[in-house]
Every structure is written in C-alpha cells, then in structure tokens.
Amino acid sequence: MDSLDNIIYVESLDDPLFWVKYRLRVVKLVIGNFGRARYLFKNPLLSTLKLILTNPPWTIEYRDGHAFTGTDPWKFYDLRSRPYAEFVINYNGRRIRLIHAERGEVEEVFIGGSYSWLPVKDRVVLDVGANICDSSIFFALNGAAHVYAIEVVPSTAEICRENVEINGLTDKVTVLNIGLGRPGKVKIPKNLIAGGEFQIYGGYANNVSGDYVYVDVKSLDQVVDELGIRSAVMKIDCEGCEYEVFNYASPDAILRLTHIIGEYHYGPLPLKRRFESLGYVFEATKPLPYYDPSRIPFYFATGIFKAYR
C-alpha cells in the first residue's frame with residue numbers, strides 16, 4: 001500500500017481548484033439550509049454571509065442564547081452545535097437516549113441511516129472510531145451478535161461506555177479504549193473534548209503538549225487475534241487512520257472482514273488498490289473538498305467507501 005507521505009496529499013493539495021470547489025460546497029450547504037438558519041441563528045442573514053465569505057473558525061450566535069465556534073460548517077445546523085446535547089429517539093421499538101450527542105453524528109446514524117448498508121445481523125462488528133457509541137448502539141439494535149467499539153480518546157470512550165449502559169446494551173457492546181493502525185502508543189491530552197476530529201495517523205497525536213496519557217495502538221492483526229474473530233464486518237471513521245489500519249494489516253487479518261464501510265479523508269485510491277488486490281469489490285463516492293485549519297494537513301478529500309466480497 002502507498003506510503004503515508006503520498007496518501008495524505010491525494011486529490012487535495014495537488015488540486016488547483018480546491019478552494020473553488022470547497023467554497024461552492026459551503027455555498028450550496030448554507031443556501032440549502034437557510035430555512036433552518038432562520039429559526040436557529042440569532043442573525044440568519046449575517047451568519048449565513050459569514051459562513052460564505054470568511055474563513056474558519058466561525059462563531060455563530062443562536063436564538064436560544066448560546067454561541068458555537070467551529071471549523072466545520074455542517075455542524076452549525078444540527079445537534080453538534082449544542083453543548084451537552086441529548087438525543088432521544090424511539091428506534092426498533094426501544095427508547096434510545098444518548099448523552100453528549102453533540103460529539104457524535106446521531107442524526108446521520110439513526111435518522112439518515114448512514115450505516116444501514118452494513119449487514120450486521122448475527123455478525124460480529126468492529127466499530128473503529130466509535131466516538132460516543134451512536135453507531136455501535138445502532139448496530140446492536142439491528143441484530144449484531146456483538147459490537148466491539150474501538151475509541152482512542154479516553155474521555156470519549158468513557159462517554160461511549162455510559163451510553164451503552166444507559167441503553168442497557170452492555171451484553172451486546174464492548175468498548176475498547178485503544179487506537180487501531182500502526183502498533184505502538186499514542187499521546188492523548190487529558191480531558192480532551194473530542195467531537196470525532198482527533199487524529200492519530202502518522203504520529204501527529206504524539207506532538208501534543210501539556211498533560212497527556214498514553215493509549216495503546218494495535219494492529220488489526222492483534223485485535224482480531226486477541227478477540228478470536230474469524231469473520232466480521234467493519235465500520236471505520238477514524239479521521240485518517242484508515243490508511244494505517246490497512247497498511248499495517250496482513251492480508252489474513254483483512255480477509256476476516258467480509259464487508260467494510262467507512263469514511264476516507266485523503267482520497268480513496270490507496271484503499272481501492274489495497275482492497276482490490278485482495279479480491280474485494282470496492283466502491284467509493286466522489287472525493288469532496290474539505291478544509292479544517294485545526295488539523296494537519298488541513299486540506300481534505302473526503303467521501304464514503306465500501307469494500308465487500
């Protein structure tokens with residue numbers, strides 16, 4: 001598989017039209033959501049113009065009195081803009097409650113059905129980048145035999161456990177506070193409030209300063225062997241670690257996965273080559289430009305991929 005130096009610049013930094021494409025995405029987003037802005041934002045028109053015409057980070061004031069600062073324009077229109085949000089829904093005959101919903105993607109998971117493609121019924125599921133366990137709980141409620149929720153940030157993993165306990169699913173979901181990718185350890189800031197943006201790929205996380213803890217990062221081989229997994233399905237959304245996960249995995253470990261769905265962050269081509277070399281069918285949406293000055297690198301080419309055999 002490609003070296004990480006090549007992976008992280010795929011279809012982003014080399015694209016001279018990146019900024020044009022990114023701005024057009026933002027314009028399409030804010031125009032399409034102006035109806036929401038009218039009842040969410042304190043100053044709908046000025047806030048919309050701010051998102052279109054200025055660079056992130058943005059700060060928007062809301063009608064309920066709170067303000068939200070962020071670099072992701074999509075977050076301003078849903079639960080992710082609300083501090084200490086709770087998400088409650090009746091799903092598959094059960095009342096589900098998730099705390100710290102602002103850190104997850106609960107609306108996409110439970111209402112949008114973003115992971116409905118994955119055949120989880122009676123299967124073991126590896127949920128890589130479990131975040132607050134919204135997707136893990138979704139899989140458990142859709143008949144998974146067992147879900148292993150892998151979350152590298154300790155404070156987020158604790159919220160993940162709380163959500164599993166709140167919803168009475170401790171027999172179905174096991175939370176593992178580890179990273180997946182290149183074996184070793186990674187520094188995580190203590191009390192980090194992560195909303196799904198923390199990166200561990202390429203050693204970036206080891207550049208953190210201040211108070212931190214070390215968290216184990218394991219290879220896919222180590223995880224499937226330790227858990228005794230012979231056949232499973234996977235969801236992966238780990239902010240760029242997807243390349244290291246499969247780069248440092250043996251063919252045997254990868255082939256224990258029959259279906260994989262995930263988000264790629266720096267182009268799909270390295271993943272496509274890896275999976276197709278092992279006989280998988282590989283599908284991916286067209287890369288879309290994304291920008292976040294809080295990350296390294298701050299240019300993205302994001303989309304969804306599926307691999308199956």
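1. Strand 9 and strand 10 (residues 212–218) run antiparallel and are joined by six bridges, and within this pairing Gly184 stands opposite Val217 of strand 10. The two belong to an open sheet of three strands, in the order 8-10-9, with mixed pairing. Strand 8 (179–180) and strand 9 (184–189) are the edge strands, each pairing on one side only. Two strands are taken to pair if DSSP finds at least two bridges between them, while strands (E, at least two residues) and helices (H or I, at least four) are DSSP runs numbered from the N terminus.

2. A word on the basis of these notes: this is a predicted model, in which local features need pLDDT of at least 70 and side-chain atom pairs count only at pLDDT 80 or more, whereas totals for chains, interfaces and linings use all residues. Residues are numbered from 1 along each chain as its sequence is written, and side-chain values use heavy atoms, with hydrogens and water left out.

3. Strand 1 (residues 58–61) and strand 2 (residues 67–70) run antiparallel, joined by four bridges, and they form a hairpin with five residues between them, where Gly65 in the turn has a positive phi of about 105°. Ile60 has Phe68 as its bridge partner in strand 2. Ile60 also belongs, with Trp58, to the covered face of strand 1, while Thr59 and Glu61 make up the uncovered face.

4. Which residues of helix 8 (residues 220–227) are buried? They are Leu220, Val223 and Val224, where buried means under 20% relative accessible area, exposed over 50% and partly exposed in between (1.4 Å probe, protein chains only). Seen down the axis of helix 8, these buried residues fall within an arc of 90°, so they line one face of the helix; the arc is that of the directions from the helix axis to the C-beta atoms. Helix 8 is followed by Gly228, which has a positive phi, near 70°.

5. The largest nonpolar core has 36 residues, and Phe110 and Phe139 are those with the most contacts inside it. A nonpolar core is here a set of buried Ala, Val, Leu, Ile, Met, Phe, Trp, Tyr and Cys residues joined through side-chain atoms within 4.5 Å. Among the elements that give two or more residues to this core are strand 3 (87–91), helix 5 (106–111), helix 6 (134–141) and helix 7 (154–166), and helix 6 gives the most, with five residues. Leaving out residues up to four places away in sequence, Phe139 touches Tyr115, Leu118, Val120, Val125, Asp127, Ala144, Val147 and Lys235, contact meaning heavy atoms within 4.5 Å. Apart from this core lies another, of 35 residues, which includes Met234, Tyr280, Tyr290 and Ala307.

6. His265 is found in the loop between strand 12 (257–264) and helix 11 (269–277) and counts as buried, at 1% relative accessibility. Its side chain reaches the backbone nitrogen of Gly240 at 3.3 Å. Neighbours within four places in sequence aside, the contacts of His265 include Asp237, Cys238, Gly240, Phe300 and Thr302.

7. Thr302 is found in strand 15 (residues 299–308) and is buried, with a relative accessible area of 11%. Residues up to four places away not counted, Thr302 touches, among others, Arg25, Glu263, His265, Lys286 and Tyr290.

Key
A polar contact is a pair of N or O atoms within 3.5 Å; within protein, one must be able to donate a hydrogen and the other to accept it, and residues adjacent in sequence count only if both atoms are side-chain atoms.
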